[in-house]
Amino acid sequence: MSAEKIITEWKKGVFKPIYWLEGEEPYFIDQVVDYAEHKILGEAEVGFNLTVFYGKDADWAAVVNACRRYPMFAERQVVILKEAQQMRDIDKLEPYIENPLPSTIFVVSYKDKKVDGRSKLAKTLKSKGEMLTTKKMYDNQLPDWTLEMVKKHQLSINQKALMLLVDHVGNDLSRIENEIEKLAVNLAGRTNITEDDIEKYIGISKEFNVFELQEAIGRKDLSKSIRIIQYFEANPKAAPIQLVLPALYNYFSKVYMLFGLQNPDEKSAASALGVNPYFIKDYLSSARKYEYTGVEKALLLLHQYNLRSVGVYDAGTSDAGLMKEMVVKMMN
């Protein structure tokens with residue numbers, strides 16, 4: 001069951017006794033826990049009927065005892081166990097999960113991991129509880145997810161601004177949502193987000209960023225590539241090499257995939273690569289400019305310079321020095 005479906009059911013007044021929220025993506029787990037903590041009970045009911053535990057400090061017996069209490073002056077009570085992955089003897093919750101109190105809504109937040117599927121606890125959860133298992137979103141899914149989040153705020157965003165935002169924030173859904181909320185506040189009545197807004201309110205240069213560097217290298221525009229790297233050198237926090245190299249590797253890996261496709265049109269190529277159709281022309285152009293051997297060379301150079309950036313086979317060349325040297329070799 002998805003986080004959205006759980007919350008939709010709660011809004012309709014449909015509750016189950018056990019909700020186990022696990023996995024790698026904290027955003028969806030936090031959504032459900034936040035709703036359980038602040039929205040299920042009315043203001044007058046919270047004082048007597050909401051109990052929150054933290055796994056590191058919680059004793060399993062105290063958690064079970066809280067769950068077995070009956071609600072006071074309300075139809076139901078809510079018991080939340082946060083950071084349950086840090087709780088000792090968590091398997092001892094299994095007898096309660098096997099036979100829960102119907103008037104208690106027990107919500108467990110078990111982040112960054114999943115319960116051992118071979119355990120008795122896991123088997124009981126599958127039969128008695130409602131489980132939400134989250135996975136980290138793939139990078140190629142982030143633009144569409146971000147676009148949907150923008151629409152939820154009754155806003156629109158142009159493609160370049162969208163990619164600037166996603167590339168800058170990375171795979172952090174909570175932070176993406178926070179940045180969109182910040183933009184919504186600062187747009188002062190406007191509804192369309194542009195790259196100028198991203199630069200002004202989020203602090204990303206619209207001219208000197210990883211996305212622009214990737215585009216310049218893809219076009220074999222050496223002078224622009226060097227200018228962007230020099231900007232990074234003067235502003236070290238703008239784009240650390242540890243973020244730049246993986247982004248470029250991901251780009252050239254997708255360009256490399258094009259050589260395995262037989263006469264693809266733009267639509268089929270975008271689908272095969274998992275990229276936004278708006279940008280597929282850049283990938284096709286890079287494939288033509290670099291050709292197969294050039295793309296293979298670029299990937300090998302990226303691997304080599306990634307090692308050098310962490311001190312392997314390198315006596316201390318600066319990050320900017322490494323990137324300048326690398327792009328020159330790529331384009332020659």
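How many bridges join strand 1 to strand 4, and in which direction do the two strands run?

1. Strand 1 (residues 18–23) and strand 4 (residues 104–111) are joined by 6 bridges and run parallel. E22 stands opposite Y110 in strand 4. Strands here are DSSP runs of E with at least two residues, and helices runs of H or I with at least four, numbered from the N terminus.

2. This is a predicted model, in which local features need pLDDT of at least 70 and side-chain atom pairs count only at pLDDT 80 or more, while totals for chains, interfaces and linings use all residues. Residues are numbered from 1 along each chain as its sequence is written, and side-chain values use heavy atoms, without hydrogens and water.

3. An open sheet is formed by 5 strands in the order 2-3-4-1-5, with parallel pairing (two strands pair if DSSP finds at least two bridges between them). Its edge strands, strand 2 (50–54) and strand 5 (130–134), each pair on one side only.

4. Helix 2 (residues 26–38) has 13 residues, which should span 18 Å at 1.5 Å a residue; the end C-alpha atoms are 18 Å apart, in agreement (the expected span is 1.5 Å times one less than the number of residues). Y27, I29, V32, V33, Y35 and A36 of helix 2 are buried (under 20% relative accessible area, 1.4 Å probe, protein chains only).

5. In helix 16 (residues 319–331), the buried residues are A320, L322, M323, M326, V327, M330 and M331. Seen down the axis of helix 16, these fall within an arc of 155°, so they line one face of the helix (the arc is that of the directions from the helix axis to the C-beta atoms).

Definitions and conventions
Buried means under 20% relative accessible area, exposed over 50%, partly exposed in between (1.4 Å probe, protein chains only).
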